[in-house]
Amino acid sequence: MEAAAHASATRRLAWGAFIAVALSYAVGVVVEVVSHSVDLFGVFTFVFPLAGMFVLDRQPKNRIGWILMAIGMIAAASAILRSYAIYGLRLHPGSLPGADVAVAMLQPLWAPLIGIIGIHLLLLFPEGRLPSPRWRKVAWLGSVGIVGTWIFITLLPGIIDDPAFPNVRNPLGIEALRSVIPVLFAFIGLIPISIVASAVSLVLRFRRSKGTLRLQHKWVTAAAATVAALYALQMVVSVAWPRKGAGDPLVVAIVQNVAVFSFVLIPISIGFAILRYRLYDIDVVINKTVVYGAMAAFITAVYVAIVVGIGRTIGSERNIGLSILATALVAVAFQPVRERVRRLANRLVYGKRATPYDVLSEFSGGMSHTVASEELLPRMARAVAEGTGAARADVWLRVGSELVREAGWPEDEERRKDAVPVPEAAETVVGSDRAVPVRHQGELLGVIGVKKSPGETVTPADEKLLEDLASQAGLVLRNVRLIEELKTSRQRLVTAQDEERRRLERDLHDGAQQRLVAISLALRLARGLADPEKDGPLGERLDQASDELGRALNELREFARGMHPAILTERGLVPALESLAERSTVPASVEAAVDGRLPPAVEATAYFVVSEALTNVGKYSNATAVIIRAEAADGTLTVEVVDDGIGGADPSRGSGLRGLADRVAAVDGTLEIESPPGHGTRLTVRVPARALAQVTA
Amino acid sequence: LVGCLESRVSPLEPSSEKRQDAAMAMTVLIVDDHPTFRSFARDLLESEGFEVIGEAEDGASAIEAATSVRPDLVLLDVQLPDISGFEVVERLRGDDLPSAVVLTSSRDASSYGDQVASSGAIGFIPKDELSGQGLRALLKEAS
């Protein structure tokens, strides 16, 4: 409440001050009109208090408002004093009292005007606070310089040094000051020193600034750059069309005036920056300013060089041929130069960031070229991050009722495949400052989200880029999703197949095998009951039946094991591999570093590949030993089967490995065979165990 | 076929002489969830001079029976409906029961890797190769 009351009191005070300043300007203009000495430049300085009033009305606490207001007051005072002096000394000498006092007071006003703009405005921009307490020294030093200079010059004895009012002796002059003139120089010297220091503070502040603050700086920088460019242009034009006799050529006059009055852009930009009005369009404004400013400079330079430069050497400046030549040159060079300047401007404005246009065109390029689909989304995330200058960008794919993070920039394996339920509004995906939904024919396919650095905000330009990208990304996400669905369905097939085999093995064990075992016991019981004397042939038949049944049981066991070994289901990969090694026809050893269980599909894939490999080793390799290595590390299971046989195995020929290669691919794995003739065979399978755990879970 | 054999085999009773031998014989507890197997195994072992003093159909009742009847030998199926045969062995060993345990299964021993060797059982015999002779050989090996 107190703060609010304070704010409204400040606001009232500001309005009071503004009205006073406005009245002073009005009086100043009236006096100027009466004294036939209207100074348009002075009138235009009214933009300062106007901007100040806008700032104070919305941010009563922001001292920049008061500084702008103070500048206005000084300018207004200057106008009044000036016109009073002109009236009283030049138009109607002696008609006004104290006209010489007015001249004396007018004289030193440049010090506070330049000083406040150059020191306090720079030091306090944009929040109205010093960057840090140590800058207080600069503020004080500057203030001492301004006030000292102001008072000293006001009281300087002798003839006032003003070409507009010659031979006016300072009525306020104090003779004693004549002996301490060096003190004045010291005071004056403080002003440029403080201005340089303040400019440094502004640069430092800009470099440290982020987000909105940076944009605020950019606005003022853009204004300052424009003013500087126009002043430079004005100088070029003055040289190109030198004053001839009475007045400047019209072109020169126009350019000069535009340049001179362009300074109003500074208070306007300060007002815009502080009030954050359309702050976010600044990148475009600066960009265009740089491009058009540079193009104007280019055209002028060509004209000056050809028409004036060559014209002077051949002694004819009004040569129509030269003008045509210059025009032709400008016309030919315009487009290439503009392109270069545009790129330069982009670099200035966006830095390392690509322009939104570049991002879009690069992305579309990637889509139409043969970029593998798994690379498309990471590229998209990267394009988004670089195009918006975001700290991170994520591309989420909708899978059923969930959003799955498919890609991110910077890359982050840990967070890949994170899943969240599809939010009510796609715009609110966790961990994003802004997210846009990607749709294809109305169906939500995914979300692109960006997270800015702390203190930075998503600008309308970022927003536009995101939306443009999202509208192009529909087809991409749809393709990626189809591929993902295909992969998942392959994995589901493999998992289902394993499950089916496991069930068959168990059914065999619980059913047929148990019954055959019972029969086997029954046969032996019967055999025991048969009397060797009387039932000789029966006993023989029973023995034959028992043997046959024993073989059948063995075959059934082998069949069941081939279907899906119980040891794999119950004990896991390493014991299963050990049991494979035990039964291998070529002496085999197992070296394993696998802790705990892996997803069933991974275990089964590895097991069957090793089983098939051992069969092949036994059949074709002439090996004397084979080593089975299994290692699960960093989320990947690597299994190797290495033999010391004849090598030269052709993975594409015949063997059951081809079918297994498909199976390995279905679980996102790879299968490699190295088999140089005479140097044994090494088969390597790699399966991502972590990723699969989520699919099969 | 099995039903036919069962009807032919089940009426067979061990002869009275063999019953007398059994008084001196080793006592056996048969643990398996298939009644057919239990009954055939009982007949077979009794025909070879063992005394089957109990049957159990799952791990829990096996432990209970073993604790109460204290057999010399437990013929234990690996695949039981509640807990695995290996776990039963572990619990029996934990209870300090003196009974020797022989594991059996319709699968072969290699289907269980090193589990058979590392369990407290004195050996493994495939179900279809079950015989009193085989059991005695394992017991002899163990003692």
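Read from the N terminus, chain B sets out its elements in the order α-α-β-α-β-α-β-α-β-α-β-α, which amounts to seven helices and five strands; helices (H or I, at least four residues) and strands (E, at least two) are DSSP runs, numbered from the N terminus. This is a predicted model, in which local features need pLDDT of at least 70 and side-chain atom pairs count only at pLDDT 80 or more, while totals for chains, interfaces and linings use all residues. Residues are numbered from 1 along each chain as its sequence is written, chains are lettered from A and ligands numbered from 1 in the order in which they are written, and side-chain values use heavy atoms, with hydrogens and water left out.

### The chains as wholes

Chain A contains 22 helices and 10 strands. The table sets out totals for both chains; buried means under 20% relative accessible area, exposed over 50% and partly exposed in between (1.4 Å probe, protein chains only). Contact means heavy atoms within 4.5 Å, and accessible areas come from the Shrake-Rupley method with a 1.4 Å probe, where for residues only the protein chains shown count as cover.

| Property | Chain A | Chain B |
|---|---|---|
| Buried residues | 42% of 697 residues in chain A | 51% of 143 residues in chain B |
| Contacts at least 6 apart in sequence that join residues at least 24 apart | 68% in chain A | 62% in chain B |
| Accessible surface | about 35,500 Å² in chain A | about 6,600 Å² in chain B |
| Share of that surface from carbon and sulfur atoms | 62% in chain A | 49% in chain B |

### Two helices of chain A

Helix α16 of chain A (residues 460–529) has 70 residues and, at 1.5 Å a residue, should span 104 Å, which agrees with the 97 Å between its end C-alpha atoms; the expected span is 1.5 Å times one less than the number of residues. At Ala473(A), α16(A) bends by about 45°, the bend being the angle between axes fitted to the seven residues ending there and the seven starting there. The buried residues of α8(A) include Leu184(A), Leu190(A), Ile191(A) and Arg205(A).

### Aromatic pairs and charges over rings

Over all chains, a search of the whole structure finds six aromatic pairs; rings of Phe, Tyr and Trp (its six-membered ring) pair if their centres lie within 6.5 Å, with planes under 30 degrees apart counted as stacked, over 60 as edge-to-face and the rest as tilted. One of these pairs is formed by Phe18(A) and Phe46(A), which are tilted, at 5.9 Å centre to centre and with 35° between the planes. This pair links distant parts of the chain, 28 residues apart, with Phe18(A) in helix α1 (residues 2–34) of chain A and Phe46(A) in the loop between α2 (40–44) and α3 (47–58) of chain A. Phe18(A) has a relative accessible area of 10% and is therefore buried, whereas Phe46(A), at 24% relative accessibility, counts as partly exposed.

In chain B, the rings of Tyr112(B) and Phe124(B) have centres 6.4 Å apart and planes at 50°, so this pair is also tilted. Tyr112(B) lies in the loop between β4 (100–105) and α6 (115–118) of chain B and Phe124(B) in strand β5 (residues 123–126) of chain B, so the pair ties together parts that are 12 residues apart in sequence. Both Tyr112(B) and Phe124(B) are buried. Back in chain A, ring pairs join Trp15(A), Phe18(A), Tyr25(A) and Phe46(A) into a cluster.

The charged end of Arg501(A) sits over the ring of Phe608(A), 5.0 Å from its centre, and the charged end of Lys127(B) sits over the ring of Phe37(B), 4.8 Å from its centre. A charge sits over a ring if NZ of Lys or CZ of Arg is within 6 Å of the ring centre and within 35 degrees of the ring normal.

### Individual loop residues

Ser110(B) is located in the loop between β4 and α6 of chain B and, at 15% relative accessibility, counts as buried. Leaving aside residues up to four places away in sequence, Ser110(B) touches Arg561(A), Ile567(A), Ser579(A), Glu582(A) and Arg583(A).

Most residues other than glycine have a negative phi. Gln441(A), by contrast, has a positive phi near 50°; Gln441(A) lies in the loop between β4 (434–440) and β5 (443–451) of chain A and, at 76% relative accessibility, counts as exposed. Arg70(B) has a positive phi near 40° and is found in the loop between α4 (59–69) and β3 (73–77) of chain B, where Arg70(B) is partly exposed, with a relative accessible area of 48%.
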